[in-house]
Amino acid sequence: MLERTLRTLDTALDRFLKSNQGTSAPLYLINNGTDERIDWSQLTNEARLQTNVIEGQGNVGYGRGHNLAIDRTSSRYHLILNPDIELESDALVQAIAFMDAHPEVGVLSPLILEDDGSQQFLCRRYPTVFDLFVRGFLPRSLRTPFKARLARYEMRDVIDDTNVLWDPPIVSGCFMLFRTEVLKKLNGFDPRYFLYFEDYDLSLRTHDVARVAYVPSVRVLHHGGDAAKKGWTHIRLFITSAFRFFNRFGWKWL
């Protein structure tokens with residue numbers, strides 16, 4: 001999966017750099033999974049990716065791991081990318097053109113597709129505890145009575161595959177193209193979240209300093225999601241981070 005992510009990233013970057021007369025860009029590959037040193041050369045030997053492997057810190061958490069790269073970068077834009085994403089070949093061309101044309105935008109979120117080509121609705125309105133319980137833990141067969149409620153939470157009434165949406169409250173951390181100065185002003189992710197809700201937190205804080213845009217001309221494929229199917233450790237992390245999120249931004253039960 002990581003190989004596919006890096007291959008499509010390299011293709012998208014190559015297309016962008018050729019159209020903008022660039023030569024290369026830095027890739028920060030964060031190994032949060034093991035203290036063992038791994039030879040990444042088979043995955044990261046493409047000429048367009050100047051790879052910097054950050055490892056040896058152990059599993060410090062999703063946000064804290066990304067912050068290790070954010071602290072090092074001095075770029076104009078910084079792409080936060082999960083290792084289960086595949087980019088369309090023109091994704092970076094489209095994304096950076098939009099950011100260049102709209103200097104008020106601090107972070108861009110793309111159209112995110114499932115394996116079968118259907119749309120994932122990962123922009124969010126502010127959640128309630130009940131919304132998270134229904135979406136995260138109820139079997140699909142029991143969610144039918146709450147279909148309209150979940151559709152509103154997932155912004156299905158305003159999100160489509162054609163039109164830009166300005167200032168969705170929350171966007172997904174699987175692909176966040178930030179203006180680096182905005183990201184650094186926010187000090188990156190809040191390291192108190194080990195996993196889950198760090199993107200909710202960062203999204204809400206971004207609105208304080210810049211605009212947020214959902215731009216469907218930027219397209220990616222996402223293979224991840226569904227914490228409840230990943231076992232009790234992920235469920236515990238999800239609940240812990242949800243508690244921390246609501247304590248910070250306000251509890252909303254129903």
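I started with Asp84, which sits in the loop between strand 3 (77-81) and strand 4 (85-87). Strands here are DSSP runs of E with at least two residues, helices are runs of H or I with at least four, and both are numbered from the N terminus. This is a predicted model, where local features need pLDDT of at least 70, side-chain atom pairs count only at pLDDT 80 or more, and totals for chains, interfaces and linings use all residues. Residues are numbered from 1 along each chain as its sequence is written, and side-chain values use heavy atoms, with hydrogens and water left out.

Is Asp84 buried or exposed? I found it buried, at a relative accessible area of 16% (buried is under 20%, exposed over 50%, partly exposed in between, with a 1.4 Å probe and protein chains only).

Next I checked what Asp84 touches, skipping neighbours within four places in sequence: Met1, Thr5, Leu221, His222, His223 and Gly224. Contact means heavy atoms within 4.5 Å.

Then I zoomed out. I noted eight helices and nine strands in the chain. Its radius of gyration is 18 Å, close to the 18 Å from the globule rule for 254 residues, so the chain is as compact as a globular protein of that length (C-alpha atoms; the rule is 2.2 Å times the number of residues to the power 0.38). The C-alpha trace spans about 50 × 45 × 35 Å along its principal axes.

Of the 254 residues, 49% are buried. Among contacts with a separation of 6 or more, 77% join residues 24 or more positions apart.
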